[in-house]
Amino acid sequence: FLSASSVAVLKQGNFKTVISKTGSFGPYSVRVDTAPFSDVRVRQALRLIPDRQQMLNQLFDGYGLIGNDVFGITDPLFPKDLPQRHQDLDQAKSLLKAAGHSDLTVTLVTTPNAPGEVNAAAVYASQAKGAGVKVNIVQQNTTDYFAKSYLKVAFSQDYNPTNPYLIGVNQWTLGTSAPYNDCFFNDPHYNALYNQAASTPDTTKQAQIIQDMAEIDYNTGGFIIPYFFPTIDGCAQKLQGVEESATGLSPGGFYFHKFWFGS
């Protein structure tokens, strides 16, 4: 992955740049089965901490998309009417006080696995101070992270690629059957809704079920998703066919059959 700071360097070097808006994200994942994150008030407070636009500006020079804590935004069936969550430090403080965690201290484990991820940990920690939350950052290389921390620690960051909503659920949030459920999210009603959605070919019905599921993600889930990061491609001027792709795969969505060299 190329960083946003690469864009100016590429242009100076006479490379073409292609910047794609994607559904890929590097979430802050909290284990909903582990205190204090097992209290939904704490999870909601942590979601009210990010200034999402500021984070997008700092990490990606404004490229990318604002997140709303629910994945699957590139899916045509994804609901469009979830209220956009904004930073509200006073409300975050109020929720933490009600949960008995006015002076919350948490440890966030990060690793350079997704674009901007390590810097995103620092930005989140800085913004969290405004809610009275102290975030201690532990940075690990990817080998140590996946050997010692992934699917183990209570608060961490990861990389999740662009997926249609239901495929994302199958991978990340579908209880014990989801192989990459680092939030340990397991809601029986949510799981039953997934089975209904996966078993019907009726896209209108699927969209209605996805709406219900996304609201559960939004209200009680374990992901904090302030942004969906951009994919930045750089290529020689004579290379043709590298186009924007919402998949997040670089270069050009891996559509190599569309690439050719011009004069």
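The model is predicted, so local features need pLDDT of at least 70 and side-chain atom pairs count only at pLDDT 80 or more, while totals for chains, interfaces and linings use all residues. Residues are numbered from 1 along each chain as its sequence is written, and side-chain values use heavy atoms, with hydrogens and water left out.

Helices here are DSSP runs (H or I, at least four residues), numbered from the N terminus. Two packed helices are described by the angle between their axes and the distance between the axes. The axes are lines fitted to C-alpha atoms over the stretch in contact, and angles run from 0 to 180 degrees between N-to-C directions.

Start with α8 (residues 188-198) and α9 (residues 203-220), which pack at about 160° with axes 9 Å apart. That makes α8 roughly antiparallel to α9 (the word applies to angles over 145 degrees). On the α8 side, H189, Y190, L193, Y194, Q196 and A197 meet Q206, I209, D212, M213, I216 and D217 of α9, where contact means heavy atoms within 4.5 Å. By type, the residues of this contact split into 7 nonpolar, 3 polar and 2 charged (nonpolar: Ala, Val, Leu, Ile, Met, Phe, Trp, Tyr, Cys and Pro; charged: Asp, Glu, Lys and Arg; polar: the others, Gly among them).

Helix α7 (residues 165-172) also packs on α9, at about 45° and with axes 11 Å apart.

Over in α4 (residues 89-98), A92, L95 and L96 are buried, meaning under 20% relative accessible area with a 1.4 Å probe, protein chains only. They span an arc of only 100° around the axis, which puts them on the same side of α4; the arc is taken from the directions from the helix axis to the C-beta atoms. These buried residues pack against α2 (40-47). The face turned away from them carries D90 and K97, both exposed (over 50%). After α4 comes G100, with a positive phi near 80°.

Leaving aside neighbours within four places in sequence, F60 touches A4, M55, P115, G116, Y227, F229 and P230. F60 and I232 lie 172 residues apart in sequence but 10 Å apart in space, C-alpha to C-alpha.

Key. Helix = DSSP H or I, 4+ residues; strand = E, 2+ residues; numbered from the N terminus. Parallel < 35°, antiparallel > 145°, perpendicular 65-115°, else oblique.
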